[in-house]
Amino acid sequence: MKSIAFFIKNKLSQHMRLPFLCLLFTSSFLGFSQTEPSLKSEVDATNLKIGEQIHFKVTVDVDSTAQVIFPEGQTFSPLETVEAFKTDTTRKKDRITLQKIYALTQFDSGSYKLPQQRIEINGKGFFTDSLRIEVSNIKVDTIAQKMFDIKPLIGVQKNNNNIWKIILAILFVAIIGGLVYWFLYRKKPLTEEEKVALLPPYDRALLELKKLENSKYLIQDEYKQYYSELTDIVRSYLHEDANVSALESTTDELISKLELRKDAGELDLDEETISQFKKILQTADLVKFAKSKPPVATAENDRKAVEQIVVKTHDAIPEPTEEELLEQAEYQEELARKQKKKKTLIVISAAIGAILIGITAFTIYHGPTKVWDTITAHPSKKMLDSKEWISSSYGYPPISLETPEVLVRQKTKIPAEAQAKIKEVQTFMYRNKASLFTIATTSTTFNGQEEPDHAKSVEHLIENFEKKGAKNIITKNEEFTTISGVKGLKTYGSGKFKIPNSKELGKGKYIILSFGGKGFQQQVLFTWLEEDTYAQQIIDRVVTSVEVKTES
């Protein structure tokens, strides 16, 4: 334990020391308490009429570091939850009191049991008391009570602020739907090549041989092209219909495969047909590789012979067995799956393109900086957009303000030379370690009843900025008044400040709000980078929410 205390004192305090409180304390760390949590629950009424509301209040007193989770949703059945109000937080030294209020109702008369509610504290369940609630009918006196006509409808001005969002959403859905239909369900007409590709191998081979017959290769003296297409047609047919691996085989290899299929009884071809086919392949090899030029009549007869070979091979192929038909069906199914997968990838690509178009439009409307900050989760923007800001009071005398993050108590040590004047210092702070953004409150009580010297305190804070490496500090002062009318001193300005975890200086701004009375002083500090526009908006909102008490 001593080694841990030594580490906290000598290491941790250097990171958590507040720049404006160097005069008041030398080290800071989070305080912990081992006191058990306390739980209390109550309702403001146990009898109500149909439709009336009661308030169920749960009060939890725990250590300031404890994690408390209240129930959410319709957990009060048979009573109905109308509203769960925001949790009210009160801090005192190292303790925190959380108060949660639920508005409940019931629209049927009777006696109902309000069930126990589970409050989770640091992962452990604590339960409230169960209560009995009586709900009674409302008597309506139609004689004494006057009856009134139904009031006419009142026209209201339509709010079109979000209409552009609706239009963009409709357009986006329409684009995606159109792309899905276009690529997956639309039946487009087939090209001539696609129609030929869908023909059975035998019919396709005869059709391609007929096209070769009508070609101008022989007239234009293009024998190599003629024989290349001729052998490709017959090789493709043997590969697809006769299951002979003919595409990559040499002439001798192909003839050997045909003879083996013939000997095995798998292909009923006569020797003359195989011999004729071999001569045609040899002629084609001489034309393609030796630049041979056979007579035109020979070339035409070779095409006719190949056509007969295709016909004889087709007739020689035995009827497919049931297993072969099943394999063909599986092949067709696999082919269909691949085609569907390809179309799906196209749709996904198109959808991504539509999303990119949407992002581009959003970027044009809001500006690239805001879009990029949203995508990269800019810490200040994330805090600014937070829906649940925290309204709480810190220290004593209390300083009340609304912040996007809770301020954490900093345990402070009063320097020996200041103990004669200062009785107690209570400090709470939130700091973003990645930037200069800081919100901190300090409540100081004195041993005597003297008035605080705000100018002197601010002077010490500015000096402490400079000790920490700040330069070119500009200082301005003006009167500051809270919404409730409490007056104080606002000190603000700019300068170059040392950014945490960095050796560089960044251009930043600061505000110090100083309040006080006899025997006490209250201060609120804000620091942020000048270029951080989101932090500026946060500070503006927090400053307007600051409230203090004028008496200790």
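Student: What makes up the lining of the second largest pocket, by class?
Tutor: The lining has 16 nonpolar, eight polar and nine charged residues. Nonpolar means Ala, Val, Leu, Ile, Met, Phe, Trp, Tyr, Cys or Pro; charged means Asp, Glu, Lys or Arg; the others, Gly among them, are polar. This is a predicted model: local features need pLDDT of at least 70, side-chain atom pairs 80 or more, while totals for chains, interfaces and linings use all residues. Residues are numbered from 1 along each chain, and side-chain values use heavy atoms, without hydrogens or water.

Student: How much space lies in that pocket, and which residues are closest to its centre?
Tutor: About 1,000 Å³, the space filled by probe spheres set on the grid points. Of the 33 lining residues, Thr 87, Thr 89, Leu 98, Glu 388 and Ile 390 are closest to the centre. A pocket is an open set of 1 Å grid points where a 1.4 Å probe fits, with protein on both sides within 12 Å along at least five of seven lines; lining residues have an atom within 4 Å of a point.

Student: Which element gives the most to the lining?
Tutor: β7, with four residues.

Student: How do you know that the span of α12 agrees with a helix?
Tutor: The expected span is 1.5 Å times one less than the number of residues. For the 14 residues 454–467 that is 20 Å, and the end C-alpha atoms are 20 Å apart, so the two agree.

Conventions:
Helices (H or I, at least four residues) and strands (E, at least two) are DSSP runs, numbered from the N terminus.
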